[in-house]
Amino acid sequence: MNIIIEGPNGTGKTTFINKLLACKEFENYNVEHLTASCPNDYEFHKRLLLNDNTIFDRFFIGEMVYPKIYKRAFKISTHEIQQLCNDFADSTIIVFIDADYGFICDSLKKRGEEIDMNFIDTEKQLFNEAVDSLKNIKIYKIKHHATGCLYGSEKSDDYYINKIRNDYTEMK
């Protein structure tokens with residue numbers, strides 16, 4: 001089983017990954033962080049998904065977002081991403097982590113990064129559009145808040161960790 005963690009900068013992806021790695025089931029998982037320098041085409045992603053026991057910090061959904069932001073050519077099409085989602089649905093869990101503006105700003109400040117509200121807004125919008133465009137795919141959606149509060153029907157990280165652990169058991 002593989003786990004894909006996607007979302008804008010500063011939303012808590014690395015913290016969530018560290019929580020996963022603290023679980024017995026995932027303590028021996030590899031963590032791969034994909035960047036723009038990776039091939040990021042269909043065959044690259046397919047080859048990575050054929051391996052097991054990896055947590056991906058960014059994967060193909062980011063490839064739907066960053067070419068738009070940085071005005072570069074797309075390396076994989078939405079159709080190809082949908083195909084990968086369909087082909088690997090039984091062996092891959094996708095987690096999308098978003099956060100409110102306060103949480104993101106706090107995270108970026110702690111890391112000493114510049115806060116550009118236009119970039120943050122664009123990145124959040126494009127990630128949400130990309131996730132919403134994928135059909136018939138189970139994606140766990142987590143939203144972090146600066147106050148630490150949950151709203152309405154939102155669930156905690158621990159809730160999703162347990163869901164992923166249950167999925168792990170079912171997929172084995």
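Select Asp-157 to begin: at 10% relative accessibility, this residue counts as buried, where buried means under 20% relative accessible area, exposed over 50% and partly exposed in between (1.4 Å probe, protein chains only). The model is predicted, and local features need pLDDT of at least 70, side-chain atom pairs count only at pLDDT 80 or more, and totals for chains, interfaces and linings use all residues. Residues are numbered from 1 along each chain as its sequence is written, and side-chain values use heavy atoms, with hydrogens and water left out.

Asp-157 and Lys-19 form a salt bridge (a side-chain nitrogen of Lys or Arg within 4 Å of a carboxyl oxygen of Asp or Glu), with 3.0 Å between the closest N and O atoms. Because Asp-157 belongs to helix α7 (residues 157-171) and Lys-19 to helix α1 (residues 13-21), the pair ties together parts 138 residues apart in sequence. Helices (H or I, at least four residues) and strands (E, at least two) are DSSP runs, numbered from the N terminus.

Now move to Lys-124 and Asp-98, whose side chains meet in a salt bridge at 2.9 Å, N to O. Lys-124 is in helix α6 (residues 117-133) and Asp-98 in strand β4 (residues 92-99), so this contact links parts 26 residues apart in sequence. Both Lys-124 and Asp-98 are buried.

Finally, select Arg-111 and Glu-113, a salt bridge whose closest N and O atoms are 3.0 Å apart. Arg-111 is partly exposed, with a relative accessible area of 46%, and Glu-113 is partly exposed at 37% relative accessibility. A search of the whole structure finds 7 salt bridges.
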